[in-house]
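In what follows, each answer sets a value against a definition.

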Amino acid sequence: MTDKITLHTYFRSSCSARLRIALHLKEIPFESVYVNLLKGEQSTPAHLAINPSGTVPALVIQRESQPPVTITQSLAALEYLAEAFPEKEPALMPPASDPETRAVVRTLSDIISCDIQPVTNLRILKRVGPLGVDRAAWSKDLMEEGFRAYEAVVKGSAGKFSVGDQITIADLCLIPAAWGAQRFGVDLGQFPVTNGIVQRLEMEEAVRKGHWRAQEDTPEEFRIKE
């Protein structure tokens, strides 16, 4: 039985948002520890002791009479939540008896995680700036390439969501990436299947709760007004 789950998070981190939404979807109680990336809190000795990568998120699971388990990569944490809480819907992954569909979920998730998200990462953007390129334009072009690949794959797998009619890990990666894309001026309308999935995901209560504008550490000027 889980005693306590703690999520080390930052309001604008898309990788943190994946886990926030997953935890809300499965109705798994958790506590948040807020790590301000703009203030460099991810590089403090205290945080590095939790996440040696100096990033967020970090998911810490403390079970009764057992040492804590810390997962510092969002995809690994999402699969952990799928496997450790199978009784809580949605499952997030197709059953093990369907490895082909599971591979599609992982392919879509990796397109987001490997091709789209890294070019919006603060640490990457800081290194691109001194090279003399327009950081926003550079990110926008690469994000569009990634969404073009996502669209090509998802055309063959989509139902209501990215893979059929149930929310999967692919969707948990997609929706925060869509928020990031909007910030960089990407027109998701050029990817109609993907854009339709995003619009349906936006209607989910767990997605609203996990939105970057709805967090306790979201600055007041960015908060969703009731």
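Q: Why is Cys15 called buried?
A: Buried means under 20% relative accessible area, exposed means over 50%, and partly exposed lies in between, using a 1.4 Å probe and protein chains only. Cys15 has a relative accessible area of 13%, under the 20% limit, so Cys15 is buried.

Q: What kind of model do these values come from?
A: This is a predicted model, in which local features need pLDDT of at least 70 and side-chain atom pairs count only at pLDDT 80 or more, while totals for chains, interfaces and linings use all residues. Residues are numbered from 1 along each chain as its sequence is written, and side-chain values use heavy atoms, with hydrogens and water left out.

Q: What about Cys114: which cysteine sulfur is nearest?
A: For Cys114 the nearest one is also that of Cys173, at 9.6 Å, and Cys114 is in no disulfide.

Q: Is Cys114 buried or exposed?
A: Its relative accessible area is 53%, over the 50% limit, so Cys114 is exposed.

Q: What makes Ser65 and Leu92 stand out in their backbone angles?
A: Ser65 has a positive phi of about 60 degrees although it is not a glycine. Leu92, not a glycine either, has a positive phi of about 75 degrees.

Q: Where are these two residues placed?
A: Ser65 is in the loop between strands E3 and E4, and Leu92 is in the loop between helices H3 and H4. Helices (H or I, at least four residues) and strands (E, at least two residues) are DSSP runs, numbered from the N terminus.

Q: How do you know which side of the cut-offs each of them falls on?
A: Ser65 has 78% relative accessibility, over 50%, so Ser65 counts as exposed. Leu92 has 2%, under 20%, so Leu92 is buried.

Q: Which bonds join Val56 to Pro57 and Glu89 to Pro90?
A: A cis peptide bond joins Val56 and Pro57, with omega about 5 degrees. A cis peptide bond also joins Glu89 and Pro90, with omega about -5 degrees. Pro57 is in the loop between helix H2 (45-50) and E3, and Pro90 is in the loop between H3 and helix H4 (99-116).

Q: Why are Phe147 and Phe191 called a stacked pair?
A: The structure holds five aromatic pairs. Rings of Phe, Tyr and Trp (its six-membered ring) pair if their centres lie within 6.5 Å; planes under 30 degrees apart are stacked, over 60 edge-to-face, and the rest tilted. The centres of Phe147 and Phe191 are 6.0 Å apart and their planes are at 25 degrees, so the pair is stacked. Phe147 lies in helix H6 (135-154) and Phe191 in the loop between H7 and helix H8 (192-201), so the pair ties together parts that are 44 residues apart in sequence. Both residues are buried.

Q: What makes Arg12 count as sitting over a ring?
A: A charge sits over a ring if NZ of Lys or CZ of Arg is within 6 Å of the ring centre and within 35 degrees of the ring normal. Arg12 lies over the face of Trp212, at 4.2 Å from the ring centre. The charged end of Arg12 also sits over the ring of Phe222, 4.8 Å from its centre.

Q: Why is Ala177 called buried, and what does it touch?
A: Ala177 is in helix H7. Its relative accessibility is 7%, under 20%, so Ala177 counts as buried. With contact meaning heavy atoms within 4.5 Å, Ala177 touches Ile112, Ile116, Met143 and Phe147, not counting residues up to four places away in sequence. The C-alpha atoms of Ala177 and Ile112 are separated by 7.0 Å, although the two residues are 65 residues apart along the chain.

Definitions and conventions: A disulfide is a pair of cysteine sulfur atoms within 2.5 Å.
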